[in-house]
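Dear colleague,

I am handing over the structure below, and I would be grateful if you could read through the notes that follow it with the model open beside you.

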Amino acid sequence: MDYSFSEFHKEAQRIAGWLFPNEAKTLHELASKCNHPIVDIGTFHGRSAAYLAAGSKCGNRVPVYTIDPFTQSSFYTSNIFSADANKAKLKFKENMKKLGLVDIVIPLITTSKEAARLYDIDPELILIDGDHTFDGAKLDFDCWYPKLVPNGVMAVHDYAQAVGAKRLMKECFTPQFFTEIKYVDLLAYGVKIG
Ligand SMILES: C[S@@+](CC[C@H](N)C(=O)[O-])C[C@H]1O[C@@H](n2cnc3c(N)ncnc32)[C@H](O)[C@@H]1O
């Protein structure tokens with residue numbers, strides 16, 4: 001398979017999820033530049049994971065750790081897809097297989113807090129797209145910001161829509177922690193202070 005964004009997008013856009021094409025392209029590009037692992041918090045059917053993994057394949061082929069407990073939380077009972085956690089887990093595995101990404105994607109079936117505690121990973125790129133409450137997003141930040149390598153990138157999805165992500169941006173995406181903050185549709189990202 002051709003993992004360049006323009007070719008890969010023809011297949012990957014079929015994966016259910018909320019990532020817009022420009023956001024997917026940005027994640028693909030950021031992933032292609034990484035020399036250290038990538039962490040994707042909030043997997044669902046694997047849309048963000050797919051673009052991160054394809055980007056990595058176009059670059060240095062660093063592993064992409066995807067984190068999701070796939071438990072039947074309020075996310076599944078309240079969202080527009082009325083999705084099912086078990087179905088999401090199956091779909092995710094099916095999508096990674098279909099797109100030839102199982103060699104680079106490492107699924108961690110747990111919460112981001114537990115993954116941070118259990119696994120010794122120093123990522124260069126982190127996407128926060130899991131628990132969308134402020135407490136949930138802040139916990140992701142607190143657990144993973146210290147692990148991000150200097151000059152690594154932390155991205156947050158839904159910053160303009162989800163109350164939690166919006167507050168996280170306001171309180172934590174500050175000059176104390178980040179430089180070069182950029183916005184692409186509903187994706188915001190910044191470079192960790194070196
Ligand atoms: C918005 S979806 C993720 C969408 C995905 N990034 C995409 O591109 O399609 C949110 C996911 O976060 C997961 N989630 C909820 N709490 C979590 C936590 N504490 N740690 C990791 N994932 C979590 C949910 O199970 C759900 O599958």
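Helices (H or I, at least four residues) and strands (E, at least two) are DSSP runs, numbered from the N terminus. Helix H1 in this sense covers residues 5-12, and Glu-11 is found in it. Please keep in mind that this is a predicted model, in which local features need pLDDT of at least 70 and side-chain atom pairs count only at pLDDT 80 or more, while totals for chains, interfaces and linings use all residues. Residues are numbered from 1 along each chain as its sequence is written.

A residue is called buried if 20 or more other C-beta atoms, placed from the backbone, lie within 10 Å of its own, exposed if 12 or fewer do, and partly exposed in between. Glu-11 counts as partly exposed because it has 16 C-beta neighbours inside 10 Å. Between Glu-11 and Asp-68 there are 57 residues in sequence and 23 Å in space, taken from C-alpha to C-alpha.

Turning to the sheet, two strands pair if DSSP finds at least two bridges between them. Seven strands form an open sheet with mixed pairing, in the order S3-S2-S1-S4-S5-S7-S6. Strand S3 (105-108) and strand S6 (178-184) are the edge strands, each pairing on one side only.

Strand S4 (residues 125-128) pairs in the parallel sense with strand S5 (residues 153-157) over four bridges, and Ile-128 stands opposite Val-156 in S5. Strand S1 (residues 38-41) also pairs with S4 in the parallel sense, over four bridges, with Leu-127 in S4 as the bridge partner of Asp-40.

Of the 23 residues around the ligand, Gly-17, Gly-42, Arg-47, Ser-48 and Gly-130 come nearest.

Note on methods
A residue is near a molecule or strand if its C-beta atom, placed from the backbone, lies within 6 Å of it.
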